[in-house]
Amino acid sequence: MSDKFREYKQLDLSQINKDVLKRWEEDDTFHKSISTREGNPTFVFYEGPPSANGMPGIHHVMARAIKDTFCRYKTMKGFRVHRKAGWDTHGLPVELSVEKSLGITKEDIGSKITVEEYNAACRREVMKYTKEWEQLTRQMGYWVNMDDPYITYDNRYIESVWWLLKQLFDKGLLYKGYTIQPYSPAAGTGLSSHELNQPGCYRDVKDTTAVAQFSVIRDEKSEFLYEGVDSPLYFMAWTTTPWTLPSNTALCVGPKITYVKVKSFNPYTGEPMTVILAKDLLASHFNPKNAEIPFDDYKPGDKKIPYQVLEEYTGAQLAGVNYQQLIDWVKPDGDAFRVITGDFVTTEDGTGIVHIAPTFGADDDRVAKQNGIAPLLVIDKDGKKQPLVDKRGRFYTIEEMDSAFVASNVNAQSYGEWSGRYVKNEYDETLDESYSTVDVDLSVMLKKDNKAFKVEKHEHSYPHCWRTDKPVLYYPLDSWFIRTTAVKDKLIALNNTINWKPQSTGTGRFGNWLENLVDWNLSRSRFWGTPLPIWRTEDGAQTKCFGSVEELFAEIEKAVAAGVMDKNPYAGFEPGQYEPANYDKIDLHRPYVDDIVLLADNGEKMFREPDLIDVWFDSGAMPYAQNHYPFENKEKYQPAEGRGVFPADFIAEGVDQTRGWFFTLHAIATMIDESVAFRNIISNGLVLDKNGNKMSKRLGNAVDPFDTIEKYGSDPLRWYMLTNSAPWDNLKFDVGGVDEVRRKFFGTLYNTYNFFALYANIDGFSFEEDEIAVAERPELDRWIISLLNSLVKEVSESLENYEPTRAGRAISEFVNENLSNWFVRLSRKRYWGGEYDKDKLSAYQTLYTCLVTVAKLAAPLAPFYSDQLYTDLNKLTGLEPDQSVHLAEFPTANDALIDKDLEQKMDIAQRASSMILGLRRKERLKVRQPLAKIMVPVLNGRFKEQFEAVENIILSEVNVKEVEYLTDTAGIIKKKIKPNFKTLGPKYGKIMKQIAASVAQFSQTDIAELEKNENFSLNVADQQVELTPADVEITTEDIPGWLVATEGELTIALDINISDELKQEGIAREFINKIQNIRKESDFEVTDRINVKIMKHDFYNQAVENFKDYIGSQTLCEELRLVDSLKDGEGQLVEIDQDVEAGIVVEKNR
RNA sequence: AGUCCCGUAGCUCAGCUGGUUAGAGCGCUACACUGAUAAUGUAGAGGUCCCCAGUUCAAGUCUGGGCGGGACUACCA
């Protein structure tokens, strides 16, 4: 063990990073931080699994710094912290990068490459950057348990996921339905949004559009609309796809949009009518000039059609009104033909009323479901429900429909001629461009039926299939869904119990998302992912969902026994045996599961539903699947005592996960356990480049975390990210800021430590003396201890509230402003020279305590340097029982040591000193020149008492001999008065401005009177105003005839007359300074004794003689002589005053 | 398009429940200090608190509406 505190030549945080890492590894500190908390309450953290198929970026440092900070903090608070690492391994990005690296497309899977080979490639690809990730985790000091990470492709993980799906299936929350997706009839395939966003897919095309008239049904719900109406009443709705009109089942209005009822004539038939449309769009359908035309003058066929606005309604009022089906081909089953409201409705184009065909529009489908509107479906020969248009893009033929359905629901007469027609001519190779389209023919039909208001060509952007160049349809496709809407209320209720940081994300983005919840579409047509564990007979009548490998294994055995399968592909697997080796024998991925054919209870064959599940389900399942629950670790979920591993106390990820991981965690936990998955959450913002642009490799503005850590060390990087802006604000990342943190915060802290070490080593301080009671320590020490305890309080509160930014900023402010710039600066003299007395000891003990406490407070945020600082301090003193700061207990504040009055006093001292230094500078009076006195006007006793307490500190700081307190009896102080708006405002309100004006006019006599009587009456705007001292702020402004500075309520005058005595002392201090410089330049040890010779000069001979002892004591000079001359080349010249130079020789005393 | 975040000095950010000279750091300029020394201190210059309306005696702060940047979710008659 060393007998000295370690001293540094310079601060190398990058090296410290490496040293500390090495020590952590040698001492196994991370595991100790858990094992030493054995039996304590747990703190559960969930790691949102990253995908290792991409390189980690600087933004990962951000999220992980936050995570790490709170896990370390809770550890220091005594909790046993759970934090298991994990990897997200499934999904489209993996598939895409495999395809890129193999140079294949999805088309090639199964032909150029087998599914087996493809999957094997995915498995390799997904862990490609594991090493880099682990390295970053290590280097940045992110403590997470990587011994046994969860991996979503692992069979055991998948098994837990299956178990969860089975629970949902059993609860009736898993069902097969459809969703509206882009679909290419020509290619016979659904398209992903990714494919749709290929260049050239959206093209401007001219389509026939129609404004149709939907006839209102007159009943009690619509009666209010008939006021003043004497012709048939219609809603008007516009569509760019008239072929969807036969599938219309609702009309949608904006609840806040204003609609008008207009009396006019149908332009094609000339029939009188009354129509409803959005007020904002009136002018685009009715020419305002025609409003003047008398109705009687109108004849059918006239170009100018008169109209008259009868009434206005809001969309909300229209909701619920029923209308007649526009085209009566097929009757829907269920509620339909009703006006509903939707927020997405605008008045930008059309009529402000949107035609809803739930089978052919995503918005339509959603809004219809929310309002209980049925889609228009037909039943085919197999008994399956189908939209009116089949997958080839044709209206279903009557022959292909179920005959009973045709009899009950289909109007064969009107539908007949349309049956089998392609809705887009492009789908029929035999048709040329001249052939009229369904859109046109339907529009013509509507015109004839008095149901069309306007039919015209309209150019708009429409998506096309990138493979066939033909238009895409939005089409319902089969998918498996989780019925999250069934638990919507529960989701919302549970969300309200979660502590969101920031709160607005929880109530806003996340809360709104829950309010507008739709069922979770679980299906993905992919290859690399968790397969849906559902087998069905071909007709879909029999369904089995498996919640474990064991169940599936048993069914396979049954199928093999019945001869449905040749052999069990999972033969050799031992059900119920949970060793990894056992699970390595099987593969639950495609294509292996696809080959499994099972036997239904009725003897039919069952095939797996080919979909994979949404990868978000994988990650949302991690609270369970990371522990292979419920197959293993079941006891951790229902612990006999204390807390188990569910739910999490804390999670943190980017705000982009709100509808991703945050939602899936929340949804799964709610559905499985009616519990939250996490209690506290920080959703952090993005890391942008310094100009506020998104970082990307392509733009070359991405910052490499490894380089940054290598250069600066992790601590400044982490500190910068955590303190520069609140975690939930976006961070404009600027390396310059990291460097600033290094200099400002770590540099200062390091300097403070080094200063301490330097003198402590000289004096042999090792904190072996008894601790001096705080009450017995000097004012300055009690002050910094008070601030330190206030700091502990603030940091603890901030971290308890998940606000790392506040914590970090408070620590930094303490270290820079108070500890270094005030405490150490004022205490310097206490450390160097002099006796090793109680004051010196107190100075050491106080500084030591501050440093070690700061190390602990900063440890969660800056784990490396804090540990180094802690270790350097503790190595010698052995005061702390723990070998690492991360095993130590987090400090707790001692309220008894917080002295707000003292903090106030020191604040006065700091401000007074800086004001006096300001005055000196103005007069070009060096601080080395002592001055006689300062004068301070005193307005009340309390102020005087406070000032007196810190008088000596101020005087020595500014090098002035004494303070003179001025009471105002002498009348030499000029005062200033200002109204106190906070007290007067509420009392006098409106006349506040006049009062302020009157008060500003107060004379010195007025002010004196107010102070004396503690009351002053004013008459303002015929109102009596009573002022008490509390209603005004009286400050001193000036002391005529003196050099004065004023700041707030503090006024100080400086006496700048310099007596001979003072002048001499100034000269003496000048010499001290010069001699000290020479000592330093000559590389003398701080403790070396010296002899000094000074060549005589009338300017300073007297001063040197008079202050000989003083100079000697300050510079450790044994012998100080004034000499007549110096030898040539001996000594050096120093400037003592303007144009006065002294020859001086400084020698070591041997 | 909807939801959410952000907009204060050249840059990065504070500014608590509204209260009258709008702050800090960096950068710039000047000066000072000096046995913490590749440090440090003090000051100066630098502001349309994004814009417009409203509430109020009083708005950087509250309300409404815009504008700009960003994120997510949707893609539409």
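Which atom of T240 lies 2.3 Å from a sugar or linking oxygen of RNA strand B? A backbone N or O atom of T240 does. The views below come from a predicted model.

View 1. T240 uses a backbone N or O atom, 2.3 Å from a sugar or linking oxygen of the RNA. N512 uses its side chain: an N or O atom there is 3.0 Å from a sugar or linking oxygen of RNA strand B. In K732, a side-chain N or O atom is 3.4 Å from a phosphate oxygen of RNA strand B. Elements giving two or more residues to the surface near RNA strand B include strand 7 (233-239), helix 16 (503-515), helix 24 (735-763) and helix 35 (1060-1081).

**View 2. Residues around RNA strand B.** Of the atoms of RNA strand B that come within 4 Å of the protein, 62% belong to sugar and phosphate. The surface near RNA strand B has 23 charged, 17 polar and 15 nonpolar residues.

**View 3. Helix 6 against helix 22.** Helix 6 spans residues 130-139, and helix 22 spans residues 705-712. Their axes come within 11 Å and cross at roughly 30°. Helix 6 is therefore roughly parallel to helix 22. The crossing of the two helices is left-handed.

**View 4. Side of contact between helix 6 and helix 22.** Helix 6 brings E132, Q135, L136 and Q139. These meet P705, F706 and I709 of helix 22. The contact residues comprise four nonpolar, two polar and one charged.

Technical notes. Residues are numbered from 1 along each chain as its sequence is written. Chains are lettered from A and ligands numbered from 1 in the order in which they are written. This is a predicted model: local features need pLDDT of at least 70, side-chain atom pairs count only at pLDDT 80 or more; totals for chains, interfaces and linings use all residues. Side-chain values use heavy atoms; hydrogens and water are left out. Axes are lines fitted to C-alpha atoms, for helices over the stretch in contact, and angles run from 0 to 180 degrees between N-to-C directions. Helices (H or I, at least four residues) and strands (E, at least two) are DSSP runs, numbered from the N terminus. Angles under 35 degrees count as roughly parallel, over 145 as roughly antiparallel, 65 to 115 as roughly perpendicular and the rest as oblique. A crossing is left-handed if the near helix is turned anticlockwise from the far one by less than a right angle, and right-handed if clockwise. Contact means heavy atoms within 4.5 Å. Ala, Val, Leu, Ile, Met, Phe, Trp, Tyr, Cys and Pro count as nonpolar, Asp, Glu, Lys and Arg as charged, and the others, Gly among them, as polar. A residue is near a molecule or strand if one of its heavy atoms lies within 4 Å of it. A polar contact is a pair of N or O atoms within 3.5 Å; within protein, one must be able to donate a hydrogen and the other to accept it, and residues adjacent in sequence count only if both atoms are side-chain atoms.
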